[in-house]
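Morning, everyone. One model today, and I will keep it brief. Please have a look at the screen.

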Amino acid sequence: MEQLNIWIAITSFAVLIQAGVLVALFVSVRKTSARMEAIVTDLHKKTAPILESTQAIVVDSRPKIDAITDNLLAASTSIRSQVERLDATVSDAVDRTRLQIIRADDLVTRTVDRVEETTEVVHRSVISPVRQMAGIVTGLTTGIGAFFGRRGGAEREDSPQDEEMFI
C-alpha cells in the first residue's frame with residue numbers, strides 16, 4: 001500500500017501543478033482579453049468618425065455620380081449620332097467624288113478619241129492630197145525639165161519630204 005500512497009501523492013502533486021498552470025493561463029488570457037477590449041474600444045473611437053465621414057461623402061456624392069453618369073450616357077449617345085451623320089456625309093462625298101472622277105475620265109477619253117479622229121481626218125483630207133499634188137508638181141517639173149533639156153533632179157532642192165515637214 002505504500003506504493004499506492006506514493007502514486008496518489010505524485011498524482012495529487014501533478015494535479016496541483018496542472019491546476020496552477022490552468023490558473024496562470026486563465027489569468028494570462030483574462031489580461032490579454034482586457035488589453036484586446038481596450039484596443040478595440042480605442043480603435044472603434046478612432047475609426048467611427050472616419051466611417052461616418054466616409055458614409056456622408058458617399059451619400060452626398062451619389063446624386064452627383066448619378067448626374068455624371070447620365071451626362072456621360074447622353075454625351076456618348078450624341079457623339080454616336082454625330083459620328084453616324086459624319087460617316088454618311090463622308091460616304092456621300094466619296095461617292096460623288098468617285099462619280100466625278102469617272103465623268104472626267106470619260107470626258108478625257110472622248111476628247112483623246114476625237115483628237116485622234118480629227119488627226120486622221122486632217123491626214124486624209126489635207127496631207128494626202130498635198131502629197132499627191134507635190135508628186136504631180138514634181139512629175140510635171142521633171143517632165144517639163146526633161147522636155148526642155150534640163151535635168152530634173154539636180155535643180156530642184158525641195159523634196160516631198162521637206163513639204164511634209166513644213167505642213
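Start with the surface. The protein chain exposes about 15,000 Å². Carbon and sulfur atoms supply 65% of that. These areas come from the Shrake-Rupley method with a 1.4 Å probe, and for residues only the protein chains shown count as cover.

A word on the source. This is a predicted model, so local features need pLDDT of at least 70 and side-chain atom pairs count only at pLDDT 80 or more, while totals for chains, interfaces and linings use all residues. Residues are numbered from 1 along each chain as its sequence is written, and side-chain values use heavy atoms, with hydrogens and water left out.

Now burial. Of 167 residues in the protein chain, 1% count as buried. Buried means under 20% relative accessible area, exposed over 50%, and partly exposed in between, with a 1.4 Å probe and protein chains only.

Next, the fold elements. The protein chain has three helices and zero strands. From the N terminus, the order is α-α-α. Helices are DSSP runs of H or I, at least four residues; strands are runs of E, at least two; numbering starts at the N terminus. Helix α1 covers residues 2-148.

On to charges. How many salt bridges does the structure hold? Four. The rule is a side-chain nitrogen of Lys or Arg within 4 Å of a carboxyl oxygen of Asp or Glu. Let me go through some of them.

Take Lys46 and Asp42. Their closest N and O atoms are 3.5 Å apart. Why can they meet? They sit four residues apart in helix α1, so about one helical turn separates them. Lys46 is exposed at 54%; Asp42 is partly exposed at 37%.

Arg96 and Asp92 also form a salt bridge, at 3.2 Å from N to O. Again the spacing is four residues in helix α1, about one helical turn. Arg96 is exposed, at 55%, and Asp92 is partly exposed, at 37%.

Then Asp95 with Arg98. Here the closest N and O atoms lie 3.3 Å apart. These two are three residues apart in helix α1, again about one helical turn. Asp95, at 43%, is partly exposed. Arg98, at 48%, is partly exposed as well.

Last, the aromatics. Rings of Phe, Tyr and Trp (its six-membered ring) pair if their centres lie within 6.5 Å; planes under 30 degrees apart are stacked, over 60 edge-to-face, the rest tilted. The count is one pair. Phe147 and Phe148 make it, edge-to-face, at 5.2 Å centre to centre and 75 degrees between planes. Phe147 is exposed at 67%, and Phe148 is exposed at 59%.
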